[in-house]
Amino acid sequence: EITVKNPSISLSKTKATLYTYDKLTLKATTKPSDVTVKWTSSNTKIAKVSSSGKVTPVKPGKVDITASFVYGGKTYKSVCAVTVKQQEAITVEYVDWEINSADGVEPEITVKNNTDKDIKEIVFETEYRNKYGNPAYCEIGDFYTRNLHVVSGLDAKSTDTFYWDAAVYNSNVHRIDIN
């Protein structure tokens, strides 16, 4: 009795989109199962891959991650097409404000830490504008920009909302620009 097996390799994903702060570990399933899988990246300037299939994005672009093995003198391979996109370390998820009874603008900003590292301090430079896009100057301080500090920081891969008491006094504020 003879059993004929067709060697093959398949990956846990054949397509993936990663941001520059993401990580992805691909799994290869092979027949036969006792072969050594070799991992390669078509462009290590876009994404690198370790000998265990861990993909590390480097910069935005497209790259093919290939898993292969040699069996009976023939090479078998499977490819995962990876698109790497740029993502900022911090993204602003939501902004709102209210004007209190003294015409003080009280900002509320929700931000997300996209990295796997804790951020110790965040500084928002805010500009206050009227409905025409012109600066809405503080009525008691003659400025329209303000730095808002978050000294409590932001844990890795977390989202939090921060509030400030009156940052500027002007009831004509129509929008807040944030850097």
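Student: Why is T66 called buried?
Tutor: This is a predicted model, so the value is computed from predicted coordinates. T66 has a relative accessible area of 15%. Buried means under 20%, so T66 with its 15% counts as buried.

Student: Where does T66 lie, and what does T66 touch?
Tutor: T66 lies in strand β8, which covers residues 61-71. Leaving out residues up to four places away in sequence, T66 touches K38, W39, T40, K77, S78 and V79.

Student: What makes β8 and β9 a pair?
Tutor: Two strands pair if there are at least two bridges between them. β8 and β9 have 11 bridges, in the antiparallel sense, so they count as a pair. F69 stands opposite Y76 in β9, for instance. The two strands also form a hairpin with two residues between them, and G72 in the turn has a positive phi of about 60°.

Student: How do you know that F69 and Y76 are stacked?
Tutor: Check the distance, then the angle. The ring centres are 5.4 Å apart and the planes are at 25°. Pairing needs centres within 6.5 Å, and stacked needs planes under 30 degrees apart, so F69 and Y76 pass both tests. Both residues are buried, too.

Student: How many aromatic pairs are there by this rule?
Tutor: The count comes to three. One of them is Y137 with Y144.

Student: Why is the pair of Y137 and Y144 called edge-to-face?
Tutor: Their centres are 5.3 Å apart, with 70° between the planes. The centres have to lie within 6.5 Å and the planes over 60 degrees apart, so the pair counts as edge-to-face.

Student: Y137 and Y144: buried, exposed or partly exposed?
Tutor: Partly exposed, both of them. Y137 has a relative accessible area of 39% and Y144 has 22%. Exposed takes over 50%, buried takes under 20%, so these two values fall in between.

Student: What makes E127 and R129 a salt bridge?
Tutor: Their closest N and O atoms are 2.8 Å apart. The limit is 4 Å, so E127 and R129 qualify. In general, side chains of opposite charge can pair when their charged atoms come close. E127 is buried, and so is R129, the latter with a relative accessible area of 13%.

Student: What does D177 form with R129, and what with R175?
Tutor: A salt bridge in each case. With R129 the closest N and O atoms are 3.5 Å apart, and with R175 they are 2.8 Å apart. The limit of 4 Å covers both values, so both pairs count. D177 is partly exposed at 23%, as is R175 at 37%.

Student: Which residues are linked in a network of salt bridges?
Tutor: E127, R129, R175 and D177. The count of salt bridges by this rule comes to four.

Student: Why do β3 and β6 stand at the edges?
Tutor: Follow the strand order. This open sheet of three strands runs β3-β7-β6, with antiparallel pairing. β3 (24-25) and β6 (47-49) each have a single partner strand, so one side of each is left without a neighbour in the sheet.

Student: How many bridges do β6 and β7 pair over?
Tutor: Three, in the antiparallel sense, with β7 covering residues 54-57. At least two are needed, so three is enough. K48 has T56 in β7 as its bridge partner.

Student: Which strand do five bridges join to β2?
Tutor: That's β9 (residues 74-85), which runs parallel to β2 (residues 15-19). Y19 stands opposite K85 in β9.

Student: Which residues have the most contacts inside the largest nonpolar core?
Tutor: L24, L26, W39, V55, I65, C80 and V82, in a core of 20 residues. The elements that give two or more residues to this core are β1 (8-11), β2, β6, β8 and β9. A second, separate core has 18 residues, among them V105, Y128, V150 and F162.

Conventions:
Residues are numbered from 1 along each chain as its sequence is written. This is a predicted model: local features need pLDDT of at least 70, side-chain atom pairs count only at pLDDT 80 or more; totals for chains, interfaces and linings use all residues. Side-chain values use heavy atoms; hydrogens and water are left out. Helices (H or I, at least four residues) and strands (E, at least two) are DSSP runs, numbered from the N terminus. Buried means under 20% relative accessible area, exposed over 50%, partly exposed in between (1.4 Å probe, protein chains only). Contact means heavy atoms within 4.5 Å. Rings of Phe, Tyr and Trp (its six-membered ring) pair if their centres lie within 6.5 Å; planes under 30 degrees apart count as stacked, over 60 as edge-to-face and the rest as tilted. A salt bridge is a side-chain nitrogen of Lys or Arg within 4 Å of a carboxyl oxygen of Asp or Glu. A nonpolar core is a set of buried Ala, Val, Leu, Ile, Met, Phe, Trp, Tyr and Cys residues joined through side-chain atoms within 4.5 Å.
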